[in-house]
Amino acid sequence: MKFDVEIKRSRRRSVAISVSHDNKITVRCPLGFSERRCYDFLNEKKDWIDKVIKAHAAVINENSDVLNYEKIYVFGKKVPLIISDKNKISDSAVYVRNRSCVKRTFIKHFAPQFIEKAVVISKKIGLTASDFSIRAYKSRWGCCDAKKRVAFNYLLFMLPEYLQEYVIVHELCHTVYLNHSKKFWLLVSEFIPDYFDCRKQLKKYDFLTKLY
């Protein structure tokens, strides 16, 4: 079985496979792991890989109107994306002068209330960031650095609120653990017991990071 695959070796002990939303397959493995063993591992995971690729195809089919820039998500709801002489977001549509205006329009309209939401959640769960900001990322929904500065992808404003809240909690938990260790996920589960399902749902929106 032949795959278009990228192999990344590092000082890790286990082997893991990931499939991006555009079906790029990455194998992460130990330094001494041969290419042949990587492909043997891929063959063992063939059914899982096929399942993921089919799921991606379903997402693309469901969102053809978004991929064609006919519609756009706002808080998990699709509305028309209209090229206009103004930049404005209403309950029924998003108006922009051109597609490059989507970022600034979303940030201007939603950033203040989103930051306020992050502050409220921070106080509620007792985890404090030194700063909150809104950025544009191409491969992540948020990040937290060693100084506890938390930044969120403005594309979160396109997602349902429960996923926005999951990402906020996720990044706040990084103020305690700057990794994805077992202790990190246990902390996340204290606040969001169904976090695994949230992670799964979040992946369905990964394609948005390549659109704007």
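## Pairing and numbering

Two strands count as paired if DSSP finds at least two bridges between them. Strands (E, at least two residues) and helices (H or I, at least four) are DSSP runs, numbered from the N terminus. By that rule Gly 142 stands opposite Phe 152 in β10.

This is a predicted model, in which local features need pLDDT of at least 70, side-chain atom pairs count only at pLDDT 80 or more, and totals for chains, interfaces and linings use all residues. Residues are numbered from 1 along each chain as its sequence is written, and side-chain values use heavy atoms, with hydrogens and water left out.

## The chain as a whole

The protein chain holds 7 helices and 10 strands. Its C-alpha trace spans about 55 × 40 × 25 Å along the principal axes. Of the 212 residues, 43% are buried. Buried means under 20% relative accessible area; exposed means over 50%, and partly exposed lies in between (1.4 Å probe, protein chains only).

Contact means heavy atoms within 4.5 Å. Take the contacts between residues at least 6 apart in sequence: 45% of them join residues at least 24 apart.

β9 and β10 (residues 149-153) run antiparallel, joined by 3 bridges.

β8 and β10 run parallel, with 5 bridges between them. Here Ile 134 stands opposite Phe 152 in β10. β10 is mostly covered, with 4 of its 5 residues buried. The hairpin of β9 and β10 has 4 residues between the strands. In that hairpin, Lys 148 takes a positive phi near 65°.

## How α4 meets α5

α4 and α5 pack at an angle of about 60°, and their axes lie 10 Å apart. The two helices are therefore oblique to each other. Angles under 35 degrees count as roughly parallel, over 145 as roughly antiparallel, 65 to 115 as roughly perpendicular, and the rest as oblique. The crossing is right-handed: the near helix is turned clockwise from the far one by less than a right angle.

On the α4 side, the residues that meet α5 are Phe 114, Lys 117, Ala 118, Ile 121, Ser 122 and Ile 125.

## The four-stranded sheet

A further open sheet has 4 strands in the order β4-β5-β7-β6, again with mixed pairing. β4 (71-74) and β6 (88-89) stand at its edges. Each has a single partner strand, so one side of each lacks a neighbour in the sheet.

β6 pairs with β7 (residues 94-96) in the antiparallel sense, over 2 bridges. Lys 88 has Tyr 95 in β7 as its bridge partner.

## Nonpolar cores

A nonpolar core is a set of buried Ala, Val, Leu, Ile, Met, Phe, Trp, Tyr and Cys residues joined through side-chain atoms within 4.5 Å. The largest has 53 residues. Phe 106, Phe 152, Met 158 and Tyr 212 touch the most other members. α4 gives the most to this core, with 8 residues. Met 158 touches Ile 72, Tyr 73, Val 74, Phe 75, Gly 76, Val 102, Phe 106, Leu 208 and Tyr 212, not counting residues up to four places away in sequence.

A second, separate core has 13 residues, including Ile 25, Val 27, Leu 42 and Ile 49.

## Thr 26

Thr 26 sits in strand β3 (residues 25-30). At 7% relative accessibility, Thr 26 counts as buried. Leaving aside residues up to four places away in sequence, Thr 26 touches Val 5, Glu 6, Lys 8, Ala 16, Ile 17 and Ser 18.

Definitions and conventions: Axes fitted to C-alpha atoms, helices over the stretch in contact; angles between N-to-C directions.
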